[in-house]
Each structure stands twice: as C-alpha cells, then as structure tokens.
Amino acid sequence: MAAQILPTVRDERGRALRDLRISVTDRCNFRCVYCMPKEIFGRDFAFLPREQLLTFEEIERVARAGMALGVHKLRLTGGEPLLRRGIEQLIGMLVALRTADGEPPDVALTTNGSALAVKAQALADAGLHRVTVSLDSLDDATFRAMNDIDFPVARVLDGIRAAREAGLPVKVNTVVKRGVNDHDIVAVAEHFRGTGVTVRFIEFMDVGTTNGWNLQAVVGSAEVIDRIGAVHPLEPVPPAYPGETATRWRYADGAGEIGVISSVTAPFCGACTRARISADGKLFTCLFATAGHDLRALLRSGAPDAAVQDALAGIWARRSDRYSELRTAGTPRAQRVEMSYIGG
Ligand code: SAM
Ligand code: SF4
Ligand code: SF4
C-alpha cells in the first residue's frame, strides 16, 4: 500500500504522521451545544481577525511540508469550513499536490451541511474527494435544539442529497449525547441504511473547557451497537487500514455499514497519526492539547519550504500525546483549546 513506501517521521511512541486536519476558520453559523455553547460563543466572542488566518498559499505550504513527511490525508474543517470564502480554490490547490511517491492526497471536508446544497457542485468541481456531514438527529426539534440556532434538519438533508448528486461520497457524523439525541440513534441509522452513506456515531468528548462535558452524558459505542443491532443485526468488519478511528460494523442483511468512534470508552491513541493546524497556523499534536506550535511566524518570515518541513518534523518527533488513554472523569480541563478553534 502507498502508506508503506511513504517517507516516515515517527513520534516518541513510534507513530507516523499521516493525516493533517486543517482548520480554515474558527467561525461557525451553528452553536452546537457540545461544541460552541451560545453562552460562551456569543456576540462578544473574539474570533480571529482575518489577517491572523493562514492564507490559502500558507495552508498549501504546510500541507506540502506534511506530505513530504508522509501525510497522505488532508481534511478541511473548522469552525464551519464552508464559511471560508473561496474554499473551492483551496481545494483545487490541495488536490494538485503530490505525495513523495507521486500520488494525490486524499482531500476531504467536514461540514455542518448548512451550505452544502448551494456549494456541493462547486466543491466537487474543485476536485474534493469526499465529504463528511455532521447530523445529530433526524428529529427536527432535536436537531434545532442541538445546533441551537433553530436550523431545520431538512436543509442539511438537502445538502447531503446535493453532495451525492454531485458525485461526492458522503459520510455522516452523529455525536450522541445522553438525554439529548440518544432516542434518535436507530432512526438515524435507519434513514441511511441501504443508501451507501455510512453513519459514524461519535462519543461525546471532553474537548475544550466550555461544553459542560461529564461522563454521564456519554453514550458508549457498545450501547449504540446494541441498540441498532437489536433492530437490524450487525457484524463487525475488520479495519480498512491500521489506525482507523471508527470501528466498523455491517448490517447482516447486506444493507451497508455503520461506524462508531469511541474516543472515550476505547481510546485509539496508540494508532493516532494525526496532526491539526488551527486557522491561525498553530500545529497541535493532539485534540486535547493545551498549546500549539506556531508555524505562521515561520511561514511569514520568508523561510524556505525546507525550514517549514524541518519544523514540522521536529514537532512531530517530540510528540508523546495519548490524552484519551489517560483520561478519567476527574481529569482537569483547564486551558484546553476549543474544538471549533483547533478543528475537529
Ligand atoms: N463545523 C463542521 C461540522 O460540524 O462538521 C466541522 C467542525 S466540527 C468541530 C467537526 C466534528 O467535531 C463534527 O462532526 C462535530 O460533531 C464534532 N464534535 C464537535 N464537538 C464535539 C464533542 N464535544 N464531542 C464529539 N464530537 C464533537
Ligand atoms: Fe459549528 Fe461544527 Fe462546532 Fe457545530 S460542531 S458548532 S457546526 S464547528
Ligand atoms: Fe490522538 Fe490525542 Fe485523540 Fe489520543 S487523544 S487519539 S493522541 S488526538
């Protein structure tokens, strides 16, 4: 496989760098209760000023540096990445990059789907390979309450339809919060069963400091599988590649697959090959990091690409993160960066 002949920089735990998640904005039109609670991300919240955001050229340079070190997956995220003007142009720049063995990177995007009905065709035309749409409930009232801006679920479903019509493979991410949307798990699974769209149910995580996380609100993946499997029997599927974050299950009757991402109940730090770059150019080696490494200053100092690559390699080589493996209900959460900033 391509990954075996890619160049490799290893961290202190022997993990290679293979995925780069790129946050293109810290802004979002939604205020999902588990991510950007309204009380914190209100009118007065200080989002990054425009000049602090990496330009598309700067993002491309970071991606190129990562790819020289073995990155072959790039994911655009945020905040809401479709709010970044001209995102299609960035996608075009990224799909034109090549890994050390001459392969194009796998370029994906995670979105809340609110603008997808309008943008799907342009994204596909720009060369985007696939899209992940976050959709927490099919029940309109529940969905409106979770995004907390009263956004109707039908418009996200329109977006998913438009993406599929544009030829983009679609996955759906569903964050499950006990007492909020867990009543809807089976309905979400059933809606996409047999359609070719894989739903991944994500355990509510303790990212950041503002989302009021507690262990009682987490619905473990085992429970999700039990609930869906009781209605539509499921069988485990072996991982598609080492380090896959989602555990895969298929419907026994052949109607497709679902996945579960068990960051809380079954952490996968041992296989974590992922770095994140915030919209203002800080590199984070863990979703739960308290600080990032500033690459923007280097990018703007006139340093050559080789220097960016060396900086990235050095940061990765010193990485030892395994937060989820160490987490307990009592783990202090002070100072941790927010997911909307670091990029989920
Ligand atoms: N705005 C885009 C979206 O919602 O798809 C992209 C950014 S969002 C931060 C990326 C993913 O992180 C989404 O699928 C979201 O549901 C997930 N997420 C956000 N906060 C989370 C939390 N506390 N626990 C688990 N997943 C979370
Ligand atoms: Fe916005 Fe995505 Fe966070 Fe929801 S999960 S508030 S859509 S960034
Ligand atoms: Fe990777 Fe950090 Fe998540 Fe562990 S907790 S899987 S090291 S991002």
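Phenylalanine 284 is buried, with a relative accessible area of 1%. Its ring takes part in an aromatic pair, described below with others from this predicted model. The structure holds 7 aromatic pairs.

**Phenylalanine 284 and tyrosine 341**
- The two ring centres lie 6.0 Å apart, and the planes meet at 85°. The pair is therefore edge-to-face, since angles over 60 degrees count as such.
- Phenylalanine 284 belongs to strand β11, residues 282-284. Tyrosine 341 belongs to helix α12, residues 339-342.
- The pair links distant parts of the chain, 57 residues apart.
- Tyrosine 341 has 17% relative accessibility, so it counts as buried under the 20% cut-off.

**Phenylalanine 30 and phenylalanine 151**
- Their ring centres are 5.1 Å apart. Their planes stand at 50°, so this pair is tilted.
- Phenylalanine 30 sits in the loop between β1 (19-23) and α2 (56-68). Phenylalanine 151 sits in the loop between α5 (140-147) and α6 (153-165).
- The pair therefore ties together parts that are 121 residues apart in sequence.
- Phenylalanine 30 and phenylalanine 151 are both buried.

**An aromatic cluster**
- Phe30 and Phe151 also belong to one aromatic cluster with Phe143.

**A charge over a ring**
- Arginine 193 places its charged end over the ring of tyrosine 251. The distance to the ring centre is 4.7 Å.

Note on methods
Residues are numbered from 1 along each chain as its sequence is written. Chains are lettered from A and ligands numbered from 1 in the order in which they are written. This is a predicted model: local features need pLDDT of at least 70, side-chain atom pairs count only at pLDDT 80 or more; totals for chains, interfaces and linings use all residues. Side-chain values use heavy atoms; hydrogens and water are left out. Rings of Phe, Tyr and Trp (its six-membered ring) pair if their centres lie within 6.5 Å; planes under 30 degrees apart count as stacked, over 60 as edge-to-face and the rest as tilted. Helices (H or I, at least four residues) and strands (E, at least two) are DSSP runs, numbered from the N terminus. Buried means under 20% relative accessible area, exposed over 50%, partly exposed in between (1.4 Å probe, protein chains only). A charge sits over a ring if NZ of Lys or CZ of Arg is within 6 Å of the ring centre and within 35 degrees of the ring normal.
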